[in-house]
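Let us walk through this structure step by step.

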Amino acid sequence: MAVRPQCDSPTRPSAMEAQEEAPTPGYSVARPSGTSRCQTPNKEERREGGGAPPAAAADAKTDGGSADGLWELPVEPTERRPECSRCSRPQKVCLCPFLPVQPLNISTHLYIIQHPAEENKVLRTVPLLAACLPQDKCKVKTGRRFSEERDPELSTICRKSGTLVLYPGAEAANLEEFILDSPIYPSTIIIIDGTWSQAKDIFYKNSLFRLPKQVQLKTSISSQYVIRMQPTNRCLSTLECAAVALSILEKNNYIQKTLLRPLQALCSFQLQHGAQIRLSKEHLLRNGLYPKPMPKNKRKLRKMELLMNSIKI
């Protein structure tokens, strides 16, 4: 700027849950001692034909054969740990105890437009959001490009007068103020799930999303999704945006509290097992804590300066 049976309580997770993306281990074949990476024949060897001595050739053949044997060994595929069918978390770290026993009773239809890169993130929040809501009221559509030909259902939704798209900008109305003056009370809201650059790409490169009324949230709450870095202190995760928006549209603050409960549990659980609090890029820049060198690209540097001065970008 993303309804099923309950599982057992979460236990201590593996290291993968404590990180957003676990590195892929690399494998290498150990080079035998006494051999170098490149062996250059000496003058006498070149004069006699340039070949290596018979003993060295035999050793090289043996070494090559052993290495070839290692590469030919079958690779066992890594088995995915069984996931909870409701919260989509590994069963050992299931968050179902923090979800409502029954899906929330809401009248608003929620469409999550999810960037493909978010679909396989370990610490994604959309599955938690979907697990709290009725299946017929929360639909997730994954992709970068949408059109009337590719998705007639979404096209129909975007053309309805009761549909809103939640995306901040100069043309976006404050959601709370808009519903007070709107002649038709909104029945559907669209939220884009992805990083801010991904969400921007989806919004501006799909004309369908500029058909509904554009709205934004004006709230003073800070994001509780502290295990992922946000651009500014005012940025919220997809789950948090949905929680605030639905509580406004449904006129029920209980919805926001209920939807935030599994997110709070997720962050608390990760912090207990090695994750660290990720401060916003704005905070790091303003306090001289940003660990990376400043960009040389003028456009990116300008964005950094705007963040440091708390100017909306």
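Six strands make up an open sheet, paired in parallel and ordered 2-1-5-3-6-4. The edges belong to strand 2 (138-142) and strand 4 (173-174). Each of these two has a single partner strand, so one side of each has no neighbour in the sheet. Keep in mind that this is a predicted model.

Now look inside the sheet. Strand 3 (residues 163-166) and strand 5 (residues 188-193) run parallel and are joined over 4 bridges. Along the chain, Ile191 and Leu166 are 25 residues apart, yet their C-alpha atoms are separated by 5.4 Å.

Stay with Ile191, in strand 5. Is Ile191 buried or exposed? Its relative accessible area is 3%. The cut-off for buried is under 20%, so Ile191 counts as buried. Beyond its neighbours within four places in sequence, Ile191 is in contact with Leu110, Tyr111, Ile112, Ile113, Leu166, Thr238, Cys241 and Ala242.

Helix 4 (residues 152-159) lies across strand 1, strand 2, strand 3 and strand 5. The angle between helix 4 and strand 1 is about 125 degrees. Helix 7 (residues 238-249) lies across strand 1, strand 3 and strand 5. Helix 7 runs at about 165 degrees to strand 5.

Next comes a residue in a loop. Thr108 sits between helix 2 (54-71) and strand 1 (109-114). Thr108 is buried, and its relative accessible area is 2%. What does the side chain of Thr108 make a polar contact with? The partner is the side chain of Glu250, at 2.5 Å. Setting aside residues up to four places away in sequence, Thr108 touches Lys137, Ser187, Thr188, Ile189, Leu246, Leu249 and Glu250.

Turn to helix 8 (residues 253-272). Its N-terminal end is capped by Asn252. A side-chain oxygen of Asn252 lies 2.9 Å from the backbone nitrogen of Tyr254. How does the length of helix 8 compare with what its residues should span? At 1.5 Å a residue, its 20 residues should span 28 Å. The end C-alpha atoms are 29 Å apart, which agrees. Helix 8 also has a kink of about 30 degrees at Arg261, shortly before the proline Pro262. Just after helix 8, Gly274 takes a positive phi of about 110 degrees.

The buried residues of helix 8 include Ile255, Thr258, Leu259, Pro262, Leu263, Leu266, Phe269 and Gln270. An α-helix has 3.6 residues a turn, so residues three or four places apart point the same way. Among the elements that cover the buried residues of helix 8 are helix 3 (126-132) and helix 7.

Gln224 is found between strand 6 (213-216) and helix 7. Gln224 is partly exposed, with a relative accessible area of 31%. Which residues does Gln224 touch, not counting those up to four places away in sequence? They are Glu240, Leu260, Gln264 and Cys267. Gln224 and Gln264 are 40 residues apart in sequence, and 6.8 Å apart in space from C-alpha to C-alpha.

Technical notes
Residues numbered from 1 in each chain as written. Predicted model: local features only at pLDDT ≥ 70, side-chain atom pairs only at ≥ 80, totals over all residues. Heavy atoms only, no water. Buried < 20%, exposed > 50% of the residue type's maximum accessible area, 1.4 Å probe, protein only. Polar contact = N/O pair within 3.5 Å; in protein donor to acceptor, adjacent residues only side chain to side chain. Contact = heavy atoms within 4.5 Å. Pairing = 2+ DSSP bridges. Axes fitted to C-alpha atoms, helices over the stretch in contact; angles between N-to-C directions. Expected span 1.5 Å × (residues − 1). Bend = angle between axes of the 7 residues up to and from the residue.
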